[in-house]
Amino acid sequence: MNRTAALDPLRLPLHDIRLIEASAGTGKTWTIAALYLRLVLGHTESGVPLLPPQILVVTFTKAATAELRERIRARLGQAAEAFRGQVTDDDYLAGLIADYPDPEARARAARQLELAAQWMDEAAVHTIHGWCQR
């Protein structure tokens, strides 16, 4: 069965297990980083913010794990800056920030994003084979 659905990373439910499967060059890494931001912020059904060791990302190759880790770290930093008021033309970040209208909530979110970026060396980003061995 071939099921194709538009993915809205700002509203996708983030409970249980989610699989992102797509061809090369379709934005998987961008989407994973976008969903990762939401998990770090607790922008989920549970409302519980997570740190990188609590979020599992599994991919195919060691090169892909290194790229994912660095792209997620960079995205966390960009998001922290945006939550601190740096002007952004990023529609995804603008939509995420709009869900935090209170300045104190935005400041807390910025700090959580910054903290998560610092924790990225401990992130659970693995190859399928590496994760199975763990």
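Helices here are DSSP runs of H or I with at least four residues, numbered from the N terminus. By that numbering, Arg84 sits in the loop between helix 2 and helix 3. The model is predicted. Its largest nonpolar core holds 36 residues, and its salt bridges come to eight. A nonpolar surface patch covers about 510 Å².

- Arg84 is partly exposed, because its relative accessible area of 48% lies between the 20% and 50% limits.
- Leaving aside residues up to four places away in sequence, Arg84 touches Ala110, Arg111 and Glu114.
- With one of these, Glu114, the contact is polar: the two side chains come to 3.4 Å.
- Ser23 is 61 residues from Arg84 along the chain, and their C-alpha atoms are 35 Å apart.

**Helix 4: the Glu114–Arg111 pair**

- Glu114 also forms a salt bridge with Arg111, at 2.9 Å from N to O.
- Both residues are in helix 4, three places apart, so about one helical turn separates them.
- In general, an α-helix has 3.6 residues a turn, so residues three or four places apart point the same way.
- Glu114 counts as partly exposed at 29% relative accessibility.
- Arg111 is partly exposed too, with a relative accessible area of 40%.

- Glu67 and Arg71 are joined by a salt bridge of 2.8 Å, N to O.
- The two lie four residues apart in helix 2, or about one turn of the helix.
- Glu67 is partly exposed at 40% relative accessibility, and Arg71 is partly exposed at 39%.
- Arg75 pairs with Asp90, and their closest N and O atoms are 2.7 Å apart.
- This second pair links distant parts of the chain, with Arg75 in helix 2 and Asp90 in the loop between helix 2 and helix 3, 15 residues apart.
- Are Arg75 and Asp90 buried or exposed? Both are buried.

**Helix 3: start and cover**

- Asp90 has another contact, at the start of helix 3: one of its side-chain oxygens comes within 2.9 Å of the backbone nitrogen of Tyr92.
- Tyr92 is one of the buried residues of helix 3, along with Leu93, Gly95, Leu96 and Ile97.

**The largest nonpolar core**

- Among the 36 core residues, those that touch the most other members are Tyr36, Leu37, Ile72, Leu76, Phe83 and Leu113.
- At least two core residues come from each of helix 1 (28-41), helix 2 (62-83), helix 3 (91-98) and helix 4 (103-118).
- Helix 1 gives the largest share, nine residues.
- Ile72 touches Ile32, Ala33, Tyr36 and Met120, with residues up to four places away in sequence not counted.

**Thr65 in helix 2**

- Thr65 belongs to helix 2.
- Thr65 is buried, because its relative accessible area of 12% is under the 20% limit.
- A polar atom of the Thr65 side chain lies 2.6 Å from the backbone oxygen of Lys62.
- Beyond four places in sequence, Thr65 touches Thr59, Val125, His126 and Thr127.

**The nonpolar surface patch**

- Which residues make the nonpolar patch? Leu56, Val58, Phe60, Ile128 and Trp131 do.
- Strand 1 (56-59) and helix 5 (128-133) are the elements that give two or more residues to this patch.
- Leu56 is in strand 1.
- Leu56 is partly exposed at a relative accessible area of 42%.
- Patch residues need over 30% relative accessible area, so Leu56 at 42% passes that cut-off.

Terms used:
Residues numbered from 1 in each chain as written. Predicted model: local features only at pLDDT ≥ 70, side-chain atom pairs only at ≥ 80, totals over all residues. Heavy atoms only, no water. Patch = residues over 30% accessible without salt bridge, like charges linked within 9 Å, V, L, I, M, F, W, Y side chains within 5 Å. Areas by Shrake-Rupley, 256 points an atom, 1.4 Å probe, with all protein chains shown as cover. Salt bridge = Lys/Arg side-chain N within 4 Å of Asp/Glu carboxyl O. Buried < 20%, exposed > 50% of the residue type's maximum accessible area, 1.4 Å probe, protein only. Core = buried A, V, L, I, M, F, W, Y, C linked by side-chain atoms within 4.5 Å. Contact = heavy atoms within 4.5 Å. Polar contact = N/O pair within 3.5 Å; in protein donor to acceptor, adjacent residues only side chain to side chain.
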